[in-house]
Amino acid sequence: MEYLYDSNWIWCPSWNSEDKEKPRIVFFRKSIDIDGKIKEAALHISADTRYKLYINGKFIEAGPSRGDLQIWFYDTIDIMPYLKDGINVIAVSVLRYPQDPEKGNHGIFRTPVPGLYVKGEIRTFSGKQYVLSADASWKCKKDDSVLFIREEERFAPLIIHENAIGNPELFGWKTDTYDDSLWDAARPYINKQISKAISPGNLYPRTIPFMYRKERQFSGVMDVKKSGYTGQDWADFINGKKTLKFPAETEEIIELDAGEEMTGYLKTEFCHGKGSKVQFLYSEAYVQNGFTGPEKIPVKRDRADNMNGHLQGYEDTYSVGGFGSPDMPETYEPYWFRTFRFIRLHIITGQEPLTLCSMHYEETGYPLQVQTEVTTSDNTLADIWDISERTLRRCMHESYEDCPFYEQLQYIMDARQQILYTYAVSADDRLARKCLDDLKRSQRYDGLLNCCYPNCNPNVIPGFSVYYILMVYDHMMYFGDKKLIEEHMPAIHQILNFFDRNLTPQGYVGKIGGMNMETPFWSFIDWAEEWNDTTGMPPAGVNGPITMESLLYIYGLQHAAKLALFLDRREEAHRFSEKAEKVRNAVRIYCTGKNSMLQDGPGVEEYSQHCQVFAVLTDTVDTITGTGNLLETIKNKKYTQCTVAMCFYLFRALEKTGLYQYTNQYWDIWRNMVKNHCTTCVEAEAYARSECHGWGALILYELPCVTLGVRPAKPGFRKVRIAPTAGYLTHASGKVKTPVGDIQVSWKLEHGNCKVEYTVPEDIEVLPAPV
C-alpha cells in the first residue's frame with residue numbers, strides 16, 4: 001500500500017527521547033544523475049523547525065517563513081540555475097527545536113512532528129523526469145558536533161548561539177564526492193502521521209519574498225589586543241589579500257569592525273590547526289564599566305570608543321577539526337544569521353599550527369526597496385535618516401522585529417510604527433499583511449492578542465492590542481483593501497469587547513494589568529526613566545488603573561469607527577463613536593487634575609507627557625487645553641517624558657496642536673545617537689539595551705509624510721493630501737513613493753508664507769490642506 005507513504009515528509013530513524021530535549025541539527029542529502037538539458041526544475045520545501053537548502057555545495061535558501069500551530073508555510077524554489085549535467089547533490093540541513101518553549105527560539109513554532117518536507121521534480125527537454133520528493137531514497141545523519149546554548153540564563157528568547165566541533169566525518173557532506181554509504185535511509189511519515197488539518201501538514205505557500213543575501217567583508221580592524229601580526233596584516237586578511245598562519249600553542253585576540261550594525265551569515269575558513277579553539281564574540285557597541293537601571297544595562301557613551309570601552313555580547317565557540325587544506329578548507333558557518341557591528345576573534349591554537357584562510361559574511365534581511373528621498377534645510381537630519389533607514393532594514397526579516405540582537409520578536413506596538421515607516425519609504429505591504437495575519441491568529445479567548453507574535457509563549461500587554469487596530473486602519477488608508485478589513489473586523493470587535501467588559505462603574509478602564517511578571521498582564525507604556533522601577537508603566541498602575549489604558553481604548557474605538565464607515569457599516573461606526581465619547585467623559589471627570597492636566601491614574605497626582613499626548617490625539621481635551629498641557633510638559637521636564645518608543649505619538653500631538661517646531665529639540669535624541677557613533681537607533685535614551693530598535697526609525701515617516709506632507713486623504717490613496725508642515729525648517733524637497741506612484745514635492749518659506757510645488761501621478765486627486 002505505497003499510497004500511505006506519499007506524505008512527502010521524512011525524518012531520521014534514530015531520533016530518540018534524548019534528541020527531543022535539545023536543539024539538534026539533522027542532515028539530509030539526495031544524489032541525482034541528470035542526463036540531458038534541463039527544461040524545468042522546481043522544489044517545494046519546508047521543515048519543522050528550520051531548513052537550509054544547498055545544491056552542489058552552494059547555499060540556496062533558508063526557511064520556511066514563520067508560521068504557528070494553525071498554519072505552516074512551504075517554499076517553492078526554482079533550482080534549475082544550480083543544477084548541472086551529471087551527478088547533482090541536493091543537501092538540506094534541518095534545525096529542530098524542542099517543543100518546550102524555554103529550550104528553543106521563542107519566535108519559531110514547532111509541532112510534535114519533526115521533519116523535512118520535499119516535493120518536486122526535474123524535467124529534461126528529452127522527456128526524462130527525476131523525482132525529488134522526500135522518501136526513503138534520501139539519506140540522513142544527525143549532526144552531533146553542534147551544541148546550541150542559551151544566550152543568558154535568565155531570559156533567552158533566541159538560543160541560536162553555538163559550541164561547535166569540526167567533524168571530519170561530515171567534511172564535504174554537501175558535495176558529490178562525499179561518501180554517504182554509512183548514513184541512514186530517511187524514514188518516511190505515512191499520511192495519517194501528518195495531519196493536513198494542523199501544522200505542519202496544513203501547508204500554505206510562502207506569502208513574503210525570500211530574504212536577500214549579499215557578500216560582504218569587514219570594513220576594518222578596531223583593535224589588535226594580542227597578535228603576532230600587525231593591524232595591517234589583519235586588514236589585508238579581511239580584504240582577502242592574505243592568509244594568516246598561527247604557530248602552535250599561541251593566542252590571538254583581534255576586534256573587527258563591520259562598519260555598521262549588521263545581520264549576516266558568518267563564514268570562516270581554516271587549514272590544519274587541529275585542537276585550536278576559536279571564539280567569536282558578537283557585539284553591537286563598545287560599552288563602559290558600570291551599569292545603569294534595574295536591568296543592569298552597561299553604561300554606553302561613544303559606541304566606537306575602543307580605547308575606553310570594551311565589547312560585550314554573545315559568543316560562538318568552534319573547535320577546529322584540523323582536516324582543512326588550502327584546496328578544501330574547513331569551514332565554520334553558524335546556522336542562524338548573526339547580528340553584530342563588532343566581532344572579537346579569540347584564537348587559542350593547539351599542538352599544531354592553524355591557518356586562517358578567510359573570514360567574511362553574507363548580509364541578509366527583507367528585500368526592502370527604499371525609494372523615498374527627502375532633503376531639508378536641516379543638514380543634521382540626513383545622518384538621522386541614514387541610521388533610521390538602516391534600523392528599519394535590520395529589524396525586517398521574515399517578520400518585523402523589535403531588535404535583531406536580543407529577541408527578534410514581532411511586538412505589536414513596535415510593528416505598527418515600522419509598518420508605517422515601510423509604507424512611507426517603499427509602499428510595500430507584503431510583510432505588513434503577514435504581520436496582520438500573524439497577530440490575528442494570536443487572539444486569545446478573552447479577545448486580547450499576544451503582545452508579540454509568532455511567539456511560543458503567552459505574553460499580553462493589553463494596550464498593544466489597540467495598536468493592531470491602528471495597523472488595520474493604516475492599511476486601509478494606504479491600500480483600501482475592503483476584503484482585508486472585513487477579515488480583521490471580527491478580531492477588532494473582540495479586542496474592544498475586552499476593554500468594554502473591564503470598564504468601571506464610573507466608565508473608565510479599570511485595572512487590567514500591572515508590572516511585568518507580577519500580574520497576568522503587563523501594562524507597559526514606555527521605557528521612561530522614571531518608570532524603570534515599575535517596568536515601563538506609570539507607578540499609578542501598581543495599585544489601580546492607569547489613564548493611558550482608557551485613552552488607548554478611546555483611540556481604538558475611534559479608529560474602529562472609521563474602519564466600519566469604510567465598510568458602509570454606519571450603525572456600527574456610530575456605536576463605536578458613542579462608546580468612545582462615554583469613556584472620554586469618564587476620563588475628563590475622574591482623571592483630570594486641578595491643573596487641567598490628565599493624571600496618570602484616576603485621582604492620582606502624578607503626571608506624564610504621555611497622557612497629555614493621547615488626550616490631544618483622542619480629543620479628550622479641547623484644543624486650547626491640550627496645547628497648553630502639552631506645552632507645559634515640553635518646557636517643564638519634571639513631567640515624565642516620552643522616549644524614543646513614544647515619540648511617534650508625541651510628534652502627532654505636536655503636529656495637531658501647531659507645536660511641530662518643538663520637534664527640533666526632540667531630534668536631539670537622535671543627534672546624540674549620531675554624535676555617539678551609533679549606526680542604528682537605540683531602544684531608549686535611558687534604557688539603551690538594544691542598539692537597534694525598529695520604533696526608532698521615526699524620521700522615515702516624519703520627512704515624507706509631515707515635512708513634505710504627503711499622506712492619503714481617502715482610503716486607498718486615490719485622493720492625496722499634500723500639506724507640508726514646516727515646523728522649524730525653512731525648505732524641503734523630495735520624492736515620496738506611494739501605492740499609486742511617485743509624488744514630487746518642493747517647498748520653501750518666503751516672507752512667512754509656504755510656497756509649495758508638487759507633481760502627482762495622473763488620475764490622483766489632490767485635496768486642499770485642512771484649515
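The legends below describe close-up views of a predicted model.

Local features are reported at pLDDT of at least 70 and side-chain atom pairs at pLDDT 80 or more, while totals for chains, interfaces and linings use all residues. Residues are numbered from 1 along each chain as its sequence is written, and side-chain values use heavy atoms, without hydrogens and water.

**View A. An open antiparallel sheet is built from four strands.** The strands follow the order β29-β32-β33-β34. Strands are DSSP runs (E, at least two residues), as helices are runs of H or I with at least four residues, and both are numbered from the N terminus. Two strands pair if DSSP finds at least two bridges between them. At the edges lie β29 (373-376) and β34 (753-759), each pairing on one side only. Strand β29 is joined to β32 (residues 731-738) by four bridges in the antiparallel sense, and T375 stands opposite S733 in β32.

View B. Most peptide bonds are trans.

**View C. D619 and H677 have positive phi values.** Most residues other than glycine have a negative phi. For D619 the angle is about 60 degrees, and this residue occupies the loop between α9 (609-617) and α10 (623-635). The phi of H677 is near 60 degrees, and H677 is in the loop between α12 (663-675) and α13 (699-707). Relative accessible area is called buried under 20%, exposed over 50% and partly exposed in between (1.4 Å probe, protein chains only). D619 is partly exposed at 38%, and H677 is partly exposed at 40%.

**View D. The rings of F648 and Y701 meet edge-to-face.** Rings of Phe, Tyr and Trp (its six-membered ring) pair if their centres lie within 6.5 Å; planes under 30 degrees apart are stacked, over 60 edge-to-face and the rest tilted. The centres of F648 and Y701 are 5.2 Å apart, with the planes at 70 degrees. Because F648 lies in helix α11 (residues 647-656) and Y701 in helix α13, the pair ties together parts that are 53 residues apart in sequence. F648 is buried at 3% relative accessibility, and Y701 is buried at 7%. Both rings belong to a cluster linked by ring pairs, whose members include W522, W527 and Y649.
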